[in-house]
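Hi everyone, thanks for making the time. Have a look at the sequence and the structure on the screen, and then I'll walk you through a few parts of it.

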Amino acid sequence: MTDKQNSLFVFIEENNNDINLSVNIGKIHLENPVIMCSGTFGYGEEYGQFYNTALLGAVTTKSYSLKPEKGNPPPRICETPAGLLNSIGLQNDGIDCFIKKHFPEAERRGIKLILSLFGSDMDEFSELAYKVSEIKDKIVAIELNLSCPNVKEGGIAFSSVPADIKKIVRSVKRILKIPVIAKLSPNQHNLIEAAVAAEKGGAEAISIINTVVGMSVDIETFKPRLANVTGGLSGPAIKPIALAKVYSLAKEKILPVIGMGGIFSVEDALEFLIAGASAVGIGTANFIKYDIGVTIIDGLREYLKRRKIHDINEIIGRLEV
Amino acid sequence: MKLLNGEIISNERYSEYLYKMVIFSPYICREARPGQFVNIRCAPEGIYDPLLRRPFSIFDIEEKFNVFSILYSVKGRGTEFMSHLEKGDLIDFIGPLGNYIDLAGTKNNVLLIGGGIGIAPLYLLAKQAVVMKKNVFFAAGFKDKSYQKWEDDLIELKIDYTIYTEDGSIGSKGMICDYIRSNIKLFNGYDVYCCGPKEMLKTIQNIYTKSSNRVSVLLEEKMACGVGVCNGCVVKVKHVKGEFRYKRICKDGPTFDIREVIFD
């Protein structure tokens, strides 16, 4: 065998060296633990120009409400040190438009979708669930946005109450009978209680963290930099907060945790997995590093190879305290 | 659009805060058209402060040399970072983004109204119009003489133009909008494209309220993704039945019919 043939052989062997990246988040099975966060990825159409978005563990859609939402007035975004403040206000085309227009496109691309839903009251969540019935077998899960800091009605105001969380999760789960993920906020004090409520309602997992409430002021005009005054902070600035929340919730073993908040590199993603996240969400990084999704998947594989670990599940929650 | 790394060919200082950066990119030269922009990373790899990319209109394309350029004014940390880049450095950008302006089938007379850095996207449009043998008039307004060197670029296009500065340091003294208002009849039958500060655009919208000219406006806003997913860079536009809605400048624009825009 020549050197060339030999090296080719080694190359093939290395690639066949099954490194398992697949994870189970309760009953949700993903080929890898990399999920794109709600509101940061569209439906794969835009990012499909940079890489094959079907390779991602899953893509969470923006949050859909029953009727189209205009969203908040501009300015809606503001950069802060290593962070991004936003007050988009859940602008969306409404669930009907998603089902008719965006869903077929995502399906055509082979994207594993987690559909994010947002309701301003219990009835809206139920009505949304009924609408989703027709596509429920073609999506991975439902994520309930119970924690948007940018809408006055609904969102955090009404759905941060544990009793409400339980009711909402239960009603959606009852109608759709597919896995339901509850997205919770770092802004509420009763995170554990909220997670217990979600579990009692039948949730499969908890997504944390949504953005952290923040603001910025223009000292020349004396005006807030966001028209909505306050917004949600994301990006590297919130990573340590997110990590601590993920750790504190995951160790309670109430439900599997999907960890997110400021993940910008494979190293960041690994920190979350080691701290106890069963999967990771990539959000704001998509705006800066357009190919971050595949970069992290490749990076996880490389890391495991380097550490001679065959299964990603071997590192999840292995934090040594 | 592609995620690219281009070599900086030059980063010339036009005046205290104004720079022209020339970047090597056969792809952008081939694909980009007037009105489009690039989204530039303004921090070294692995550094996330400043965090967001910055959008810049494509100012010029020189196909012969496979280079394109952007004109930028140093206003914050992102542009400050860019101003320190040198010839031979690589710059990380994505483009071309946004919808281009198609001059095919438009009127033969084109009026371009640029205020401050708003002249940047109009320059490439002027160049394109000249290639298409259209009659172009460029009306530019500035605060002071900081754009004096840009006049040399404009002269190369061999088009008619006028420059107004608030302090009279170059061109005529006064506001460019006053010039347009006083000479509106001169430009009857022109297609108008404008870009500049919001107050200027509002005035132009008022000037052209009752005219039949087609008036397009190129808008800018703080942007996050640049590709249409985040809904961060929206503008209020008229909708049916007296309603309004928000459109994304990056994906639905950056060029809009000035009559549909609601300037608050």
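Let's start with a term: a salt bridge here is a side-chain nitrogen of Lys or Arg within 4 Å of a carboxyl oxygen of Asp or Glu. Opposite charges on side chains can pair up when the charged atoms come close.

Some housekeeping. This is a predicted model, so local features need pLDDT of at least 70 and side-chain atom pairs count only at pLDDT 80 or more, while totals for chains, interfaces and linings use all residues. Residues are numbered from 1 along each chain as its sequence is written, chains are lettered from A and ligands numbered from 1 in the order in which they are written, and side-chain values use heavy atoms, with hydrogens and water left out.

Okay, the interface. How many salt bridges does the rule find across the interface of chain B and chain A? Four. Over all chains, the count is 27. The contact, meaning heavy atoms within 4.5 Å, takes 33 residues from chain A and 31 residues from chain B. About 2800 Å² is buried between the two chains, and carbon and sulfur atoms give 62% of that. Buried area, by the way, is the accessible area (1.4 Å probe) that two parts lose on being put together, summed over both.

Now for some pairs. A:Lys70 makes a salt bridge with B:Glu243, with 2.9 Å between the closest N and O atoms. A:Glu46 and B:Lys251 form one too, also with their closest N and O atoms 2.9 Å apart. A:Glu46 sits in the loop between strands E3 (34–36) and E4 (58–64) of chain A, and B:Lys251 in the loop between strands E15 (244–248) and E16 (255–257) of chain B, so this pair joins two chains. Those labels are DSSP runs numbered from the N terminus: helices (H or I) have at least four residues, strands (E) at least two.

Is A:Glu46 buried or exposed? Buried, at 6% relative accessible area, while B:Lys251 is partly exposed at 32%. Buried means under 20%, exposed over 50%, and partly exposed in between, using a 1.4 Å probe and protein chains only. There's also a network of salt bridges linking A:Glu79, B:Asp49, B:Arg54 and B:Arg77.

Staying in chain B, B:Lys236 pairs with B:Asp264 in a salt bridge, with the closest N and O atoms 3.2 Å apart. B:Lys236 is in strand E14 (residues 234–238) and B:Asp264 in the segment after E16, so the pair ties together parts 28 residues apart in sequence. B:Lys236 is buried at 17%, whereas B:Asp264 is exposed at 65%.

Last stop: strand E8 (residues 141–145) of chain A, where five of its five residues are buried. A:Ala141, A:Glu143 and A:Asn145 point one way, A:Ile142 and A:Leu144 the other. What does E8(A) pair with? Pairing here means DSSP finds at least two bridges between the strands. A:Leu117 has A:Leu144 as its bridge partner, and A:Glu143 stands opposite A:Ile181 in E9(A).
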